[in-house]
Structures are given as C-alpha cells and as structure tokens.
Amino acid sequence: MYVTMRIGKASCRIRAYQERGRTMQARYMQIAEHIRGQIAQGQYPLGGRIPTENELAEALGVSRPTVRQALDLLAREGRLVRVKGSGTFVAQPKLVHESTSFVTGYREESRKKNRILRTKVLCLQTEKAGEQVGDALRIGAGDMVIRLVRIRHLENLYSNAPVVYTTVYVPFTLFPKMPDLDFTDTSFYEALDDRGLSVVHASRRLEVVMPPAEVAAELGVTPFEPAAFITSQGYTRMGQVIEYTESYYPASRSSFQIEINR
C-alpha cells in the first residue's frame, strides 16, 4: 500500500521505506523456505541441531536478526525446537505421554516403549506439608512429608534434553524409609508396590502454564515457554492418598494420550 503525500520528496521517502520493509520481510521468509528445504532433503535430520544464528547469517550473507526472524517463524510452525543452552533442533514428533490415561510410573512407561530413561534426583528431604500439600494429601499443614524432586530425560531424544520435571510428596508416616532409597535408579511406584502401598487410582489435572524460573532452567526452556502442568493424587486400594505429584512437561516436546471407556 502506498501513502500519498502532497510533498513529492516525502512521498518518495515513504515508498522507499515500505519497499525496504518488504525486502527485509521477503528475505527472512526466503531463509525460512531454504531451511524447510534442507529439512525436507534430510540435510538437517530429525532431532539434529542446525547451525547457530551467527553461522547461518555468515553462510547466507544476511544479518543475524533476519536469521532469527526466520528461525522464530519455523519454531512457531513446529519445525524447530529451541533448547536453552544447547541450540536449535529440527523438531521430532512430540513425545506421547500416557500418564493421562493409565496409572503407571514413568519408568514403566518408558520400558514398555523400549526407551532408556535417565533420572537426576534434585532433592529428597523431609519437611512440613504446608497448606496446599496438606490439603492434597488430606493431612495437617504441620504434618511431615517427604519431598522428592527429579528431572528426567530419555536417551537420544531431543539431544537428551529433559522431558519432565516432577515433584512428589508422600506422608512421612506412610513411608518413613523413603529417604534411604536411591531414586536415580529406583522406581517410585515399584517402591510403593513393595510396601503394600500400590497406587490403584489417580486423580489428575492438566493445565498449560508458564513454568517457574527454576523449573524452566532445569528443563532447558525460557520462563516464557509454556509447559503442561499436571497435578496428581494417587490413592491406595483403601482410598488413602499416598502421593501428591506436580509435574512440568515442555509443551513444545509433549503430547498426551487420553483413553475414555463407555
């Protein structure tokens, strides 16, 4: 669209500015199309890291902001995934989680799908429940709970970037020996099974949130990148709440399977 001005020189300057804007826009879209072609041809394989913004800018003879616009466009399209501190990767099909359909531990779910799960324990300590956790576990705010915080990733998926940050709370009186276990390799649900505290029913709620800064840092995403936030209460056969869990899944890498029977 042209803006008409009575003063001829001013009109020319406005037209020139608009033409430069169109050229810059066309340039980043051309770069985006070029990268789409590289992905389609397999030069940038699924899950692989693409060159940095500086490397692309130098190779293509354009400015870094122009490259960033192109990469942002491809990320919005779901073709690329940015991992803080690691780089930009060609998006793989999103990881399908079954926690919204079945009562199963993440280790068991990974085992069924022939994936190798790695776990890092960030915290395992005894503390007071507080009001929110106490309400979820149906105990008093001053009662003691055990808090277990873990970050988990699957080998060879998203260059080993974390796929979930999870915190579980358990009433101390029900599992006092829990702090003695090494949950780097031990399944939490299997540990409950061994003590006759099996979870047979779970009530879960999913919402999309911006993760807290410390969670985002552990997941390798920015605090402005959405995450699927799932809270869960696990019940024993006697109807007792044995665990309350809060889990954050990077939205760009996650999808959830829902099973409904009639």
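The model is predicted.

**Overall build**

- The protein has 262 residues, and 43% of them are buried.
- Its secondary structure comes to 7 helices and 10 strands.
- Take the contacts between residues at least 6 apart in sequence: 60% of these join residues at least 24 apart.

**Salt bridges in general**

- Side chains of opposite charge can pair when their charged atoms come close.
- The count for this model comes to 6 salt bridges.

**Glu53 and Arg64**

- The side chains of Glu53 and Arg64 form a salt bridge, at 2.8 Å from N to O.
- This pair links distant parts of the chain, 11 residues apart.
- Glu53 belongs to helix H2 (residues 53-60), while Arg64 belongs to helix H3 (residues 64-76).
- Glu53 is buried because its relative accessibility is 13%, and buried means under 20%.
- Arg64 has a relative accessible area of 41%, so this residue counts as partly exposed.

**Glu53 and Arg68**

- Arg68 also meets Glu53 in a salt bridge, with 3.2 Å from N to O.
- Here too the pair links distant parts of the chain: Arg68 sits in helix H3 and Glu53 in helix H2, 15 residues apart.
- Arg68 is partly exposed, at 33% relative accessibility.

**Glu53 and Arg82**

- A salt bridge joins the side chains of Glu53 and Arg82, at 3.5 Å from N to O.
- This pair connects helix H2, which holds Glu53, with strand E1 (residues 80-83), which holds Arg82.
- The two residues are 29 apart, and they link distant parts of the chain.
- Arg82 has a relative accessible area of 28%, so Arg82 counts as partly exposed.

- Glu53 is buried at 13% relative accessibility, whereas Arg64, Arg68 and Arg82 are partly exposed.

Note on methods. Residues numbered from 1 in each chain as written. Predicted model: local features only at pLDDT ≥ 70, side-chain atom pairs only at ≥ 80, totals over all residues. Heavy atoms only, no water. Helix = DSSP H or I, 4+ residues; strand = E, 2+ residues; numbered from the N terminus. Buried < 20%, exposed > 50% of the residue type's maximum accessible area, 1.4 Å probe, protein only. Contact = heavy atoms within 4.5 Å. Salt bridge = Lys/Arg side-chain N within 4 Å of Asp/Glu carboxyl O.
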